[in-house]
Amino acid sequence: MSFGLLLPAGLLALLALSIPLLLHLTRRTEQQATVFAALRWLKASQRPRRQVRFDELPLLVLRLLLLALLALLLARPVLSGLTDARHWVAVTPGIDRAEARAALDPPDAEWRWLASGFPALDQETPARLHSTSSLLRELDATLPDDAALTVLVPRRIDGLDGERPALRRQVDWHIVDTQAAPAQPAPKSPAVLAVRYGQPDEQALPYLRAVATAWRVTPAAAEERQVRVTSGPSSEPLEAQASWLVWLAPGALPPDIRAWIAAGGTALLGVASQAPDLAGGNALWRDARGEVIVRGRAWGDGRVMQLTRELTPATLPELLDPGFPDRLRTLFDPPQPPQSAFAETVAPRPGGLALPSVPQPLQPWLAVLVAMVFVAERWLATSSRRGRSA
Amino acid sequence: MTASSPGLISPAVRARLRDLRLVARRPAVSPGFGAHHSRSRGTGLEFSQYRSYEQGDDPRQIDWKLHARSDRFFVREAERDSPLEAWLLVDATASMTQGDAARPGWTRLDAAKVIAACVIELALRQGDRFGIVTITGNGVATIPAAAGARQRDRCFLHLQRLETAGAWPTPGGLRPIGELIGPGALVLLLSDCFDDAAIELAEKLAAARREVLTLQILTAEERDFPFTGGHRFIDPETGEELLADGAAARGDFLERFTGARRALAARLVGQGIRHVEFILDQPPDAPLRRLFGPAPRAGTAQERS
């Protein structure tokens, strides 16, 4: 365990210690004026002795302490290399709490959910499943070096990414046969693509209808969603179950459409629409010469994309390409990489980067201490006894 | 002692004044009847001599029994007891403002006022004439000598209104004092005696056959010098300032100041001036008791005989 400062220059604030010293010193050197008529018998040579003395020593000590703590606070002290040999048990959401407790019982263990923020096991089961691999790496990096880690995983584990997690510690990868059936992916309801146009004689509309026909005619794979396409003028409200939108009307997006996107909708805007800042968005589709056709970015819980040119064969030759319906479909429904695996195949392997352990910041504790010293200082400075002692 | 004199004399002090008498060492010469020995002859209780009648003598003074025996007119003369003229010289220069930190609001001037009031009460009781001269930086204020309760009230009023100002005036400003105070008068100077001019005035009056008494009023701080730590000592009259450390300056100051007090007392005694010191933490009648007390010291008894 070692003590360190993240910002040692903050200790320059210790120079402020001279302020209370001066305050308490100058009062002493002030001469007390005394009327004294027998002045001529007083020898002028006897100057008052310069005594380095301080008034109200307890108050001065408190003030010095306060300033020193503040300077230390500025210097951002940390405590690194904390030895915390507690046994950590991370439970993947999906395992029942009682099952987890029954599976193993290490003494004095720290039970946590393997979820964002690592809540204690006593708390509510986290609802959303975050990336398990990422959480594992985070937990490994934040735990002290000598803490043992046990991870309880179900036999089939979700939320993985492409790599077997490599951790710097030996993890006890404990597979629990859950009684609860693994959550089967619900059969997907047919998606609804709503097309909204400004004028009925919009050039793009026939092509979009063709795309709709193509989606319907193409024999869909088993897991692919059926898509229903509706269209209407821009004034027509969206259907309740609409999840995708092609917005061809020029001008700014109406607020209800914005709210719909932010609530989780996916929208493709025409080139004439005024989109919320998409300049920094990712290029989602480039043509053969590498120029961007569609760019997009996340917005709220949803996504927004915009065409960079008119949806006409003259400006967008790819419109006539046979692969256009599929390409358009991947824009709305990007393929998901595989995330599930059997737990025994993805047991973490050792050899993760030996990162220096995260130092424990001492600022909150120091802030509490500063507040306490400040209260004490105020109490002492304003107490009624002060007038008598001064 | 008749009417009360509010504010100036506390009842305890007033009670202790009972056995005090204003006494001059020299016989009084002022006219009138009083309680003091005098060299002038006239009507009185103590027989002095017979002399032959001269024209202009009061026929009532002729001793008619002797005339019956000798058939000549003799005038019976007695030693006349004459009143004393008491003068109070009150120094009210700025240095009299000083008091002790231990007893705020009790300054040299306050003490001088109380002592002056005591002397006035004594004089009133004996039927003596008394007057006041107050000396401030603005000049000299006087109440001419007279007797009686109204004179006392005048004097008290004047004392109560008295406030300190400035430094000791120039000798020219003091000239009325010599003219006012007649020969043989009892002059009591109430001062801190720090001004050399005040001592010179006392000496001048003593040399001109006035009976001068000096009462030096000192503060307890001047006697003990209890200061510690740094002090900025300010002379109230000159405004001069001096920085000194109390504890360090103490020994030297006490030595020099005691020496100065002794030298002053010797100088005044050499001029035939009775000198007493009064320190502010003493009762205000203590110096009067030393001057006019009923048990005179051996030296004083010899002088009087």
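Predicted model: local features only at pLDDT ≥ 70, side-chain atom pairs only at ≥ 80, totals over all residues.
1. Two strands count as paired here if DSSP finds at least two bridges between them. With that in hand, look at where the chains meet: strand 2 (residues 32-35) of chain A and strand 11 (residues 230-234) of chain B run parallel and are joined by 4 bridges.

2. Staying with the interface, 17 residues of chain A are in contact with 27 residues of chain B. Sorted by class, the chain A side has 10 nonpolar, 4 polar and 3 charged residues.

3. Now for chain A as a whole. DSSP gives 9 helices and 21 strands for chain A. Of its 390 residues, 23% count as buried. Among contacts in chain A with a separation of 6 or more, 71% are between residues 24 or more positions apart.

4. The sheet to look at in chain A is an open one, with 7 strands in the order 11-10-12-14-18-17-16 and mixed pairing. Strand 11 (227-233) and strand 16 (282-286) of chain A each have a single partner strand, so one side of each edge strand has no neighbour in the sheet. From one strand to the next, the twist averages 20 degrees.

5. Within that sheet, strand 10 (residues 191-197) and strand 12 (residues 242-247) of chain A pair in the parallel sense, over 5 bridges.

6. Helix 5 (residues 204-217) of chain A lies across strand 10, strand 11 and strand 12 of chain A, at about 160 degrees to strand 11. Helix 7 (residues 324-332) of chain A lies across strand 12, strand 14 (266-269), strand 16, strand 17 (292-299) and strand 18 (302-307) of chain A, and runs at about 165 degrees to strand 16.

7. Which residues of helix 6 (residues 255-262) of chain A are buried? They are A:Ile257, A:Trp260 and A:Ile261. These residues sit on the same side of helix 6 of chain A because they cover an arc of only 100 degrees around the axis. An α-helix has 3.6 residues a turn, so residues three or four places apart point the same way. The buried residues of helix 6 of chain A pack against strand 12, strand 14, strand 17 and strand 18 of chain A, while A:Pro255 and A:Asp256, on the other side, are exposed.

8. Last, a backbone detail: A:Gly264, which follows helix 6 of chain A, has a positive phi, near 130 degrees.

Methods. Residues numbered from 1 in each chain as written. Chains lettered and ligands numbered in written order. Helix = DSSP H or I, 4+ residues; strand = E, 2+ residues; numbered from the N terminus. Axes fitted to C-alpha atoms, helices over the stretch in contact; angles between N-to-C directions. Contact = placed C-beta atoms within 7 Å. Buried ≥ 20, exposed ≤ 12 C-beta atoms within 10 Å, placed from the backbone. Nonpolar A, V, L, I, M, F, W, Y, C, P; charged D, E, K, R; others polar. Arc of directions from axis to C-beta.
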